[in-house]
Amino acid sequence: KLLGSLLRQARADAGLTQDAVGHAIGVERSGVTRMEGGERSLTLATLGTWLDKCGVSGLAESGVRAMWRVARRHGDDDAPVKTWFVGWTDAEASAWALRFWAPLIIPGLLQTERYMYEVFRAFGQSHERAREAVAVRMARQEILSRDSPPTVVAIMDELVLARQLGSREVMAEQCARLLEFSEHPSVIVQVVRGASAGLGGMLALAEGSRGSVLLSGSLLEDIVTADVQQVRAAGAIVDTVRGAAVSTSDTRVLLGEAHQRWMA
């Protein structure tokens, strides 16, 4: 279902109808509907034609192809992104604003490839599964390269910059990437020093034309919901945490200092 969701999003982003894609891959419109709904599988050749027709290339193409391989080999239960997570990836892909509170690790959209690999390995995934999950996450980062990317507010606990994942080189590279993102016209990066209202866990909010969606972190399984009360409560927490964060200019100083420490 997740693969179908990504194919549907690719078609929508390209401004194509199901009939247009169906003509390209040689199936009726009903077949496209079933593929996008996860009810019908497709061959690697068909996948390639679909992506080419929709203009999907680079990291996004690699991520979708990796997901196809996993789906063919394992089925959804073992996929690098679970079906329940589709609600978040859909909301993230179409959002005009994203807000993240990260008390433990750097938000996924701002992670380097090597850092995210170490995150998945720390979660207990094998080398192969971690690489597959990295490909999917890297594809999700493509939204920041759009002509009109969403506004992203990423707030992190200062301890995140000191928590080593992988080698010192990996951490130095990640801090350098955060410095780059801090200059991105649509990205705001801020750091919180000390205790805050967000110590209970990770929160992510996506706001778009179809409303707001909340992703909240859990030790066992993250939760995705569009419940208005929960979304509002989470938004209030993120706003409070941001109010306790240092300024963007001071954050850049902290990021530079962290980068230098990991380089030493």
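Which backbone nitrogen lies 3.0 Å from a polar atom of the side chain of Thr 225? Select Thr 225 and look: the nitrogen belongs to Asp 227. Such a pair is a polar contact (N or O atoms within 3.5 Å; within protein, one must be able to donate a hydrogen and the other to accept it, and residues adjacent in sequence count only if both atoms are side-chain atoms).

Some ground rules come before the next stop. This is a predicted model, in which local features need pLDDT of at least 70 and side-chain atom pairs count only at pLDDT 80 or more, while totals for chains, interfaces and linings use all residues. Residues are numbered from 1 along each chain as its sequence is written, and side-chain values use heavy atoms, leaving out hydrogens and water.

**Stop 1: Thr 225**

Stay on Thr 225. It sits in strand β6, residues 223-225. Helices (H or I, at least four residues) and strands (E, at least two) are DSSP runs, numbered from the N terminus. Thr 225 counts as buried because its relative accessibility is 15%. The cut-offs are under 20% relative accessible area for buried, over 50% for exposed, and partly exposed in between (1.4 Å probe, protein chains only). Now show what Thr 225 touches, skipping neighbours within four places in sequence: Val 213, Leu 214, Gln 230 and Val 231. Contact here means heavy atoms within 4.5 Å.

**Stop 2: Ser 186**

Select Ser 186, in the loop between α9 and β3 (187-192). Is Ser 186 buried or exposed? Ser 186 is buried, at 10% relative accessible area. Its side chain makes a polar contact with the side chain of His 184, at 3.0 Å. A polar atom of the Ser 186 side chain also lies 3.4 Å from the backbone oxygen of Pro 150. Residues up to four places away aside, Ser 186 touches Pro 149, Pro 150, Thr 151 and Val 152.

**Stop 3: helix α11**

Color residues 248-263, which form helix α11. Pick two residues here. Ser 249 is partly exposed, with a relative accessible area of 47%. Thr 251, also in α11, is buried at 0%. Beyond its neighbours within four places in sequence, Thr 251 is in contact with Val 189, Gln 190, Val 191 and Val 246.

**Stop 4: the cores**

Nonpolar side chains tend to be buried together in soluble globular proteins. A nonpolar core is a set of buried Ala, Val, Leu, Ile, Met, Phe, Trp, Tyr and Cys residues joined through side-chain atoms within 4.5 Å. The largest one here has 38 residues. Select Trp 88, Leu 98, Leu 110, Tyr 115 and Leu 144, which have the most contacts inside it. Helix α9 (residues 168-181) gives the most to this core, with 7 residues. A second, separate core has 20 residues, including Ile 25 and Trp 50.

**Stop 5: two helix pairs**

Select helix α2 (residues 18-25) and helix α4 (residues 44-53). They pack at about 135°, with axes 9 Å apart. That angle makes α2 oblique to α4. Where do they meet? Ala 20, Val 21, Ala 24 and Ile 25 in α2 meet Thr 46, Thr 49, Trp 50 and Lys 53 in α4.

Finish on α7 (residues 113-122) and α8 (residues 127-140), packed at about 130° with axes 9 Å apart. Axes are lines fitted to C-alpha atoms, for helices over the stretch in contact, and angles run from 0 to 180 degrees between N-to-C directions. This pair is therefore oblique too. Oblique covers what is left after roughly parallel (under 35 degrees), roughly antiparallel (over 145) and roughly perpendicular (65 to 115). Residues making the contact include Tyr 117 and Phe 120 of α7, and Ala 130 and Val 134 of α8.
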